[in-house]
Amino acid sequence: HLAETLKNYQSQGFLIIVITNQGGLAKGLYTLTELNKMHQYFLNEMEKAGVKITEIYYCPHHPEKGFPGERLELKIVCACRKPEPALILKAQEIFPIDMTKSWMIGDTWRDIELAQRVGIRSILIGELKKGMNKKQLVASNLLAALRIIQESEIVE
């Protein structure tokens with residue numbers, strides 16, 4: 001169901017762009033080679049299902065120090081760690097993205113705050129946390145989030 005829904009969106013001109021914090025690189029939890037393998041596996045699995053992921057952008061940084069095996073060169077406060085907007089703005093420079101028709105689907109407050117900062121609509125996967133806007137759209141999973149977008153597009 002999920003792959004079919006994603007393919008349907010792609011046929012309508014939607015791009016699927018992944019923007020992810022990968023602070024585990026800075027913490028020394030995994031290597032860039034391991035991360036690239038994970039991303040390639042994900043891309044291959046999606047391609048097998050007929051879904052083309054347009055791009056994956058990731059932030060390798062983490063601001064907090066004190067982890068065993070951490071990579072100090074990546075332990076910085078940066079402009080690309082969500083909710084900072086650098087990665088989404090980079091995607092907008094490269095791809096023909098209409099922010100008025102774009103959506104951010106994410107499972108943390110960082111995703112929702114990023115969407116707010118760049119002025120796009122958002123859906124939180126999970127439950128509203130204390131302090132979140134009660135009007136925030138919420139879905140139980142990715143497929144449910146895609147259905148919310150579909151219903152929204154029909155209404156418009």
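A contact is a pair of residues with heavy atoms within 4.5 Å.

The structure is a predicted model, in which local features need pLDDT of at least 70 and side-chain atom pairs count only at pLDDT 80 or more, while totals for chains, interfaces and linings use all residues. Residues are numbered from 1 along each chain as its sequence is written, and side-chain values use heavy atoms, with hydrogens and water left out.

**Figure 1. Contacts and overall dimensions of the protein.** Of the contacts with a separation of 6 or more, 54% join residues 24 or more positions apart. The C-alpha atoms fill a box of roughly 50 × 40 × 30 Å along the principal axes.

**Figure 2. Secondary structure of the protein.** Six helices and five strands are present; these are DSSP runs, with helices (H or I) of at least four residues and strands (E) of at least two, numbered from the N terminus. Their order from the N terminus is α-β-α-α-β-α-β-α-β-β-α.

**Figure 3. Burial in the protein, and Lys27 in helix 2.** Buried residues (under 20% relative accessible area, 1.4 Å probe, protein chains only) make up 38% of the 156 residues. Lys27 belongs to helix 2, which spans residues 24–27.

**Figure 4. Surroundings of Lys27.** Leaving aside residues up to four places away in sequence, Lys27 touches His62, Phe67, Pro68, Gly69, Glu70 and Lys75.

Terms used: Buried < 20%, exposed > 50% of the residue type's maximum accessible area, 1.4 Å probe, protein only.
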